[in-house]
Amino acid sequence: MPAPPQDSAPPIEVTDACLIEQSWRHPERFGAVFDRYFDTIHRYVHLRLDESAADDIAAETFLRAFRSRKRYDTARPSARAWLYGIAANLVADHTRAQARWYRALTRSVPPTHVASHDERVVQRVSAAVMQPQLAAGLARLLPGDRDVLLLVACAQLSYEEVAEALGIPTGTVGSRLNRARTKLRENIGPYEETLQ
C-alpha cells in the first residue's frame, strides 16, 4: 500500500534577525547571513571600487557585522540595509584616499588627438574617456551626497534603506540625492555636450 501523501508546505524563511540572534550562541549561524548577502555587497563595492578592493571591503563588511552582531536591532527582520551601511562606511574610508587619486587622474589624462570626426564622437562617448570626467565629478561631491548617490545608483537601495544604512532621515536621502545629481550634472555636463 503506498504511503499517504505528505503535506508539502513551503519551508518557512528564517529572517536575518532570527539568524543573527541565533548566532549570539551559535556563531556558525551567521554564515547564513553571509551566504544571503555577500554577492550583493561585493557587487556594490565593486561598482564603487576596483575588484581587489571589493574583495577586501566585502570581507571586512561581514567581519565587522559579525563582531557587532550583538548590537543588531532584532526588531528589523532584514539585515540588508545594516550591511550596506557597514559597507558604505568602509567604502567612505577607502574613498577619502581615492578622492585624491580621482583628482590626480583628471590632471594626468592627456588630451587625445583623433583624425576624423567619427573617431572623435566614438571616443567621447566611450567609458574610457568619460571615466576621468565622472571620477572628477564624484570627487567634487560632498561625501554624504556621494554615498547616497552611489547607494541608490549602484546598490539600488530604496530611500528608506539608504536612510537606515546611513542613519539619516528619509527626507535627507532625497535632498542629498537631488543635490548630488545636480552637482554631478554641473561637473560633467549633460550627455549631449559629450558628443560635441
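The paragraphs below go from the overall fold to some charged side chains.

This is a predicted model, in which local features need pLDDT of at least 70 and side-chain atom pairs count only at pLDDT 80 or more, while totals for chains, interfaces and linings use all residues. Residues are numbered from 1 along each chain as its sequence is written, and side-chain values use heavy atoms, with hydrogens and water left out.

The protein has 9 helices and 0 strands, where helices (H or I, at least four residues) and strands (E, at least two) are DSSP runs numbered from the N terminus. Of its 196 residues, 35% are buried, a word that here means under 20% relative accessible area, whereas exposed means over 50% and partly exposed lies in between (1.4 Å probe, protein chains only).

Side chains of opposite charge can pair when their charged atoms come close. The whole structure holds 8 salt bridges, each being a side-chain nitrogen of Lys or Arg within 4 Å of a carboxyl oxygen of Asp or Glu. In one of them, Arg80 and Glu161 meet at 2.4 Å, N to O; because Arg80 lies in helix H4 (residues 80-108) and Glu161 in helix H8 (residues 159-166), the pair ties together parts that are 81 residues apart in sequence.

Another salt bridge, between Arg64 and Glu60, has its closest N and O atoms 3.0 Å apart, and both residues lie in helix H3, 4 residues apart, which is about one turn of the helix. Arg64 is partly exposed at 38% relative accessibility, and Glu60 is also partly exposed, with a relative accessible area of 25%.
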